[in-house]
Amino acid sequence: MFVLAELSDVARISPAHFSKNRLEQTELELNKKYANKVIKGLGLCIMLHDILTIGDSLIYPGDGAAQLRVRFRLVVFRPFVDEILEGTIRSCSEKGVHVTMGFFEDILIPASQMQPNTVFDTTEQAWCWQYGDEKLFMDVDEKIYFKVIKEEFHDMVVAAEIFGAAGGDDTDGFSNRKAPYMLTGSVNDFGLGLPAWWE
C-alpha cells in the first residue's frame with residue numbers, strides 16, 4: 001500500500017531562514033512542496049521519509065535564497081492491483097459505493113464489481129446485497145474490505161480549460177472533472193465487503 005520513492009529536486013531556502021538548522025529547514029520545504037500531492041505515475045505523496053544527500057548551497061544573482069540540490073525519499077500511497085484494502089463507506093450513488101481511507105477518498109466500487117444480486121435502494125440511498133431472504137445494506141460509515149482492480153492518473157486541467165478560454169460559465173465541466181489519482185475496487189469475492197457479512 002505504501003512505497004518509498006526516491007526523487008531529486010532543488011530546495012529553496014529563503015534568507016529569513018538562514019539562521020535555522022539547514023537539514024530541518026530543507027525537510028520542511030520538501031514536505032510543504034510534496035506532502036498530500038499526487039505525482040503522475042507515482043502516487044499520492046504522504047510525507048518525506050528521509051534525505052539522502054544535500055548539495056552545496058548556491059545563490060543566484062537577483063535571488064538571495066539558497067538553492068540546494070537534494071536527493072530524498074518520500075512515503076507514497078500506491079496500492080498494487082489485487083491488493084486488499086480496508087476503507088469506510090463515504091457515500092453511495094447509482095454509480096457505486098464511494099470509499100474513503102481517511103487520507104484518500106477517490107475510491108469507487110462500481111455496480112459491476114459488487115456481489116451478484118446487489119441493487120441500489122433509492123429510498124435508503126444505499127446499495128443492498130440480496131442474499132437469499134436477507135437484505136444486506138452497505139450503509140455510510142460502515143467498514144468495508146475491497147480489492148483494488150484498477151488505478152488511474154489524470155492530468156489536471158487549468159481553470160481556463162474548465163470554464164472556457166473566454167471566461168464562460170462551464171460549471172458542468174468543473175463538476176465533472178476527475179481527481180488526479182483514482183482507484184477502482186471490487187467486493188465481488190469471498191471475504192470482501194462488510195465484515196458482518198462473513199461473521
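Is Cys-92 buried or exposed? At 11% relative accessibility, Cys-92 counts as buried, where buried means under 20% relative accessible area, exposed over 50%, and partly exposed in between (1.4 Å probe, protein chains only). The model is predicted: local features need pLDDT of at least 70, side-chain atom pairs count only at pLDDT 80 or more, and totals for chains, interfaces and linings use all residues. Residues are numbered from 1 along each chain as its sequence is written, and side-chain values use heavy atoms, with hydrogens and water left out.

**Overall architecture**

- The protein contains three helices and twelve strands; helices (H or I, at least four residues) and strands (E, at least two) are DSSP runs, numbered from the N terminus.
- Of the 199 residues in the protein, 35% are buried.
- Among contacts with a separation of 6 or more, 66% join residues 24 or more positions apart, a contact being heavy atoms within 4.5 Å.
- The protein exposes about 11,700 Å², of which carbon and sulfur atoms supply 51%; accessible areas come from the Shrake-Rupley method with a 1.4 Å probe, and for residues only the protein chains shown count as cover.

**Cysteines**

- The count of disulfides comes to zero, a disulfide being a pair of cysteine sulfur atoms within 2.5 Å.
- Cys-45 counts as buried, at 1% relative accessibility.

**Nonpolar surface patch**

- Met-1, Phe-2 and Phe-103 form a nonpolar patch on the surface, with about 260 Å² of accessible area together.
- Patches are made of residues with over 30% relative accessible area and no salt bridge; like charges are joined within 9 Å, and nonpolar side chains (Val, Leu, Ile, Met, Phe, Trp, Tyr) within 5 Å.
- Met-1 is located in the segment before strand 1 (2-13) and is partly exposed, with a relative accessible area of 31%.

**Aromatic residues**

- A pair of aromatic rings is described by the distance of the centres and the angle of the planes.
- The structure holds twelve aromatic pairs; rings of Phe, Tyr and Trp (its six-membered ring) pair if their centres lie within 6.5 Å, with planes under 30 degrees apart counted as stacked, over 60 as edge-to-face and the rest as tilted.
- Trp-129 and Tyr-131 are a tilted pair, because their planes are at 50 degrees, with the ring centres 5.0 Å apart.
- Trp-129 counts as buried at 8% relative accessibility.
- The rings of Trp-129 and Trp-198 also form a tilted pair, with centres 6.2 Å apart and planes at 45 degrees.
- Trp-129 belongs to strand 9 (residues 126-131) and Trp-198 to the segment after strand 12 (181-186), so this pair ties together parts that are 69 residues apart in sequence.
- Trp-198 is partly exposed, with a relative accessible area of 32%.
- Phe-2, Phe-77, Phe-103, Phe-104, Phe-153 and Tyr-181 form one aromatic cluster.

**Salt bridges**

- The whole structure holds nine salt bridges, each a side-chain nitrogen of Lys or Arg within 4 Å of a carboxyl oxygen of Asp or Glu.
- One of them joins the side chains of Arg-71 and Glu-6 at 2.4 Å, N to O.
- That pair links distant parts of the chain, with Arg-71 in strand 4 (residues 66-77) and Glu-6 in strand 1, 65 residues apart.
- Arg-71 is partly exposed, with a relative accessible area of 33%, and Glu-6 counts as partly exposed at 48% relative accessibility.
- Asp-9 and Lys-33 meet through their side chains in a salt bridge of 2.6 Å, N to O.
- Asp-9 lies in strand 1 and Lys-33 in helix 1, so the pair ties together parts that are 24 residues apart in sequence.
- Asp-9 counts as buried at 13% relative accessibility, whereas Lys-33 counts as partly exposed at 45%.
- The side chains of Arg-12 and Asp-63 form a salt bridge of 2.9 Å, N to O.
- This pair links distant parts of the chain, with Arg-12 in strand 1 and Asp-63 in the loop between strand 3 (43-58) and strand 4, 51 residues apart.
- Arg-12 is partly exposed, with a relative accessible area of 42%, and Asp-63 counts as partly exposed at 23% relative accessibility.

**Surroundings of Glu-29**

- Glu-29 is found in helix 1 (residues 22-34) and is buried, with a relative accessible area of 17%.
- Not counting residues up to four places away in sequence, Glu-29 touches Arg-12 and Ile-13.
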